[in-house]
Amino acid sequence: MQLGISGKRALVCASSKGLGRGCAEALAAEGVNLVMNARGSEALEDAADQIRKAHQVEVVTVAADITTEEGRARVLAACGTVDILVTNAGGPPPGNWTDWERDDFIAALDANMLTPIALMKALVPGMMERGWGRVVNITSQSVKAPIPVLGLSNSARAGLTGYVAGMSRQVAGKGVSINNLLPGIHDTDRAKSLDGGVAKAKSITVAEARSEREASIPAQRYGTAEEFGAACAFLCSQHAGFIIGQNVLMDGGATNSTI
Ligand code: NAP
């Protein structure tokens with residue numbers, strides 16, 4: 001299937017590794033020019049070089065913390081005209097519901113709710129003027145079914161989801177399609193770190209923690225960044241213009257629900 005987005009330009013946030021990198025790769029494979037971002041410049045430059053070589057697209061890099069106003073300003077200044085926005089940032093730390101104070105919630109809201117909202121506010125008006133745009137927000141399966149140890153994530157991502165549900169319908173008439181992609185467990189550094197936490201808490205090895213978790217997923221495995229990226233690229237394609245304000249779960253069947 002031709003996705004019809006060759007020559008478009010995408011900002012993919014937090015994309016030197018993991019799911020963001022998977023999205024950047026899949027868009028580049030479709031001929032989309034990229035602005036890539038992460039805090040650490042070494043992995044970011046490595047990823048950008050590999051993508052340029054593999055897909056012959058233009059890749060601009062901005063090493064910055066996307067969750068800060070200053071970082072976002074630098075990323076947006078480097079963007080130029082953007083047709084596709086993929087929002088992403090690191091997830092909040094795990095813990096217990098009694099652990100978190102106001103500052104912890106503010107940090108989680110800044111990273112996983114207010115940052116994507118600020119980026120959409122900055123870039124969606126241009127997409128509306130040009131009559132075409134796509135936004136994919138990387139959120140989490142915790143939006144559909146809470147993960148108790150990730151209470152900060154549950155809270156912040158639910159807020160973003162509510163915002164997108166309303167605003168995506170306000171901009172759809174101008175050719176802008178905004179959706180959220182909800183990862184279940186994928187084989188990235190984030191998953192390794194969560195497995196590390198479980199291993200410590202249960203006094204088991206990280207490999208045992210992973211096996212236990214894999215056994216709890218109907219697909220019996222973790223997802224890959226490549227699969228995730230392919231779904232993202234489809235939501236950014238010409239074919240996705242009638243998909244508005246949806247929350248697309250990619251979790252190997254882990255969320256046990258009928259609808
Ligand atoms: P990851 O493998 O740890 O990769 C995170 C990427 O984001 C790296 O490139 C990192 O580079 C960059 N990054 C992190 N914080 C950033 C910031 N403040 N500003 C700019 N770049 C930043 O994580 P992932 O597994 O891809 O997860 C991506 C998102 O999906 C997270 O919010 C996570 O909570 C969520 N999620 C993941 C899973 C999963 O199983 N993997 C499941 C559900 C939800 P630097 O460190 O150099 O900045």
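Student: Where is threonine 255 found, and is threonine 255 buried or exposed?
Tutor: In this predicted model, threonine 255 lies in the segment after strand 7. Its relative accessibility is 15%. Buried means under 20%, so threonine 255 counts as buried.

Student: Is isoleucine 259 buried or exposed?
Tutor: Isoleucine 259 is also placed in the segment after strand 7, which spans 247–250. From cysteine 23 it is 236 residues away in sequence and 26 Å away in space, C-alpha to C-alpha. The relative accessible area of isoleucine 259 is 93%. The cut-off for exposure is over 50%, so isoleucine 259 is exposed.

Student: Which residues does serine 168 touch, not counting residues up to four places away in sequence?
Tutor: Serine 168 is in helix 5, residues 151–171. With a relative accessibility of 0%, serine 168 counts as buried. Beyond four places in sequence, its contacts are Ile178, Ile244 and Gly245.

Student: Which residue with a positive phi follows helix 1?
Tutor: Helix 1 ends at residue 29. The residue in question has a phi near 85°, and it is glycine 31.

Student: Which element gives the largest share of the largest nonpolar core?
Tutor: The largest nonpolar core has 32 residues, and those with the most contacts inside it include Val12, Leu27 and Val86. Elements giving two or more residues to this core include strand 1, strand 2, helix 2 and helix 8. The largest share is six residues, and it comes from helix 1.

Student: Which cysteines are in contact with valine 86, leaving aside its neighbours within four places in sequence?
Tutor: The contacts of valine 86 include Leu11, Val12, Leu27, Val136 and Ile138. Among its contacts there are also cysteines, namely Cys13, Cys23 and Cys232.

Student: How many disulfides does the count come to?
Tutor: A disulfide requires cysteine sulfur atoms within 2.5 Å. The sulfur of cysteine 13 is 7.7 Å from the closest cysteine sulfur, that of cysteine 79, which is too far for a bond. For cysteine 232 the closest cysteine sulfur belongs to cysteine 23, and at 3.5 Å it is too far as well. The count of disulfides comes to zero.

Student: Are cysteine 13 and cysteine 232 buried or exposed?
Tutor: Cysteine 13 has a relative accessibility of 0%. Cysteine 232 has a relative accessibility of 0%. Cysteine 13 therefore counts as buried, and cysteine 232 likewise counts as buried.

Student: Where in the protein is confidence lowest?
Tutor: The protein averages a pLDDT of 97, and 100% of the residues score at least 70. Confidence is highest in strand 4, at 99. With a mean of 91, the lowest confidence is in helix 6.

Key. Residues are numbered from 1 along each chain as its sequence is written. This is a predicted model: local features need pLDDT of at least 70, side-chain atom pairs count only at pLDDT 80 or more; totals for chains, interfaces and linings use all residues. Side-chain values use heavy atoms; hydrogens and water are left out. Buried means under 20% relative accessible area, exposed over 50%, partly exposed in between (1.4 Å probe, protein chains only). Helices (H or I, at least four residues) and strands (E, at least two) are DSSP runs, numbered from the N terminus. Contact means heavy atoms within 4.5 Å. The expected span of a helix is 1.5 Å times one less than its number of residues. pLDDT is the predictor's confidence in each residue, from 0 to 100. A nonpolar core is a set of buried Ala, Val, Leu, Ile, Met, Phe, Trp, Tyr and Cys residues joined through side-chain atoms within 4.5 Å.
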